[in-house]
Amino acid sequence: MKLIYAGASPFARKVRVLALEAGLAAGIEMLDTAVLPIKENAEVNRANPLGKIPVLITAEGEALFDSRVICEYLDALQSGDAFFPHGAERWTCLTRAALADGLMDAALLVRYEGAIRPEALQWQDWKDGQLGKIHRALDALEAIASELQGPVDIAQIAVACALGYLDFRLSHLGWRQGHPGLERFFAAFSERESMKATVPA
């Protein structure tokens, strides 16, 4: 298998963390690349018409995307505890993972607005709308932070990668303020070898 990814991407980090936790990373060739909304990447476009990463090329040559699909595919390959729970708890877990993914989406858009869009074209109201999503997501995750424990699942991985991206690109937001539960969760989860091996750069 091959994973096309970018080291700075929180979505790619989510896949890489799960692959390490599942014991599958050694069997995946990691192809680090760069992707920007305003600059096409021919390699990525061939694998994913949307031009987004991560993309997993399976052993059979099929291209899988996005990160949610890839993570569930890798979970199906491994023989340990499921990262995607079954039964009633599955829907709670998936909803929390979706909330973390939405936080990542908003954070990436804020990053692009400031780093890529020309200053004269930037729209503060739009940026504020994305920041509002981030703050509401953090508050919602803080409310359930004490439940982010037990066997590692996709929700814990997604939340940790989202918080790690805030530290990496939007540290000025100071997300830890007012979110002590998330701070404790992130500090503990960041000690996992899978997180240490995938720190964004």
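**View 1. Arg-192 lies over the face of Phe-189, at 5.7 Å from the ring centre.** A charge counts as sitting over a ring if NZ of Lys or CZ of Arg is within 6 Å of the ring centre and within 35 degrees of the ring normal. This is a predicted model, in which local features need pLDDT of at least 70, side-chain atom pairs count only at pLDDT 80 or more, and totals for chains, interfaces and linings use all residues. Residues are numbered from 1 along each chain as its sequence is written, and side-chain values use heavy atoms, with hydrogens and water left out.

**View 2. Arg-90 lies over the face of Trp-91.** The distance from Arg-90 to the ring centre is 5.6 Å.

**View 3. Trp-175 and Phe-186 form an edge-to-face aromatic pair.** Rings of Phe, Tyr and Trp (its six-membered ring) pair if their centres lie within 6.5 Å; planes under 30 degrees apart count as stacked, over 60 as edge-to-face and the rest as tilted. The count by this rule is three aromatic pairs. Trp-175 is in the loop between helix H6 (154-169) and helix H7 (180-189), and Phe-186 is in helix H7, 11 residues apart. Helices (H or I, at least four residues) and strands (E, at least two) are DSSP runs, numbered from the N terminus. Trp-175 is buried at 3% relative accessibility, and Phe-186 is buried at 9%. Buried means under 20% relative accessible area, exposed over 50%, partly exposed in between (1.4 Å probe, protein chains only).

**View 4. Phe-185 and Phe-189 form a tilted pair.** Their ring centres are 5.4 Å apart, with the planes at 35 degrees. Both residues lie in helix H7, four residues apart, about one turn of the helix. Phe-185 and Phe-189 are both buried.
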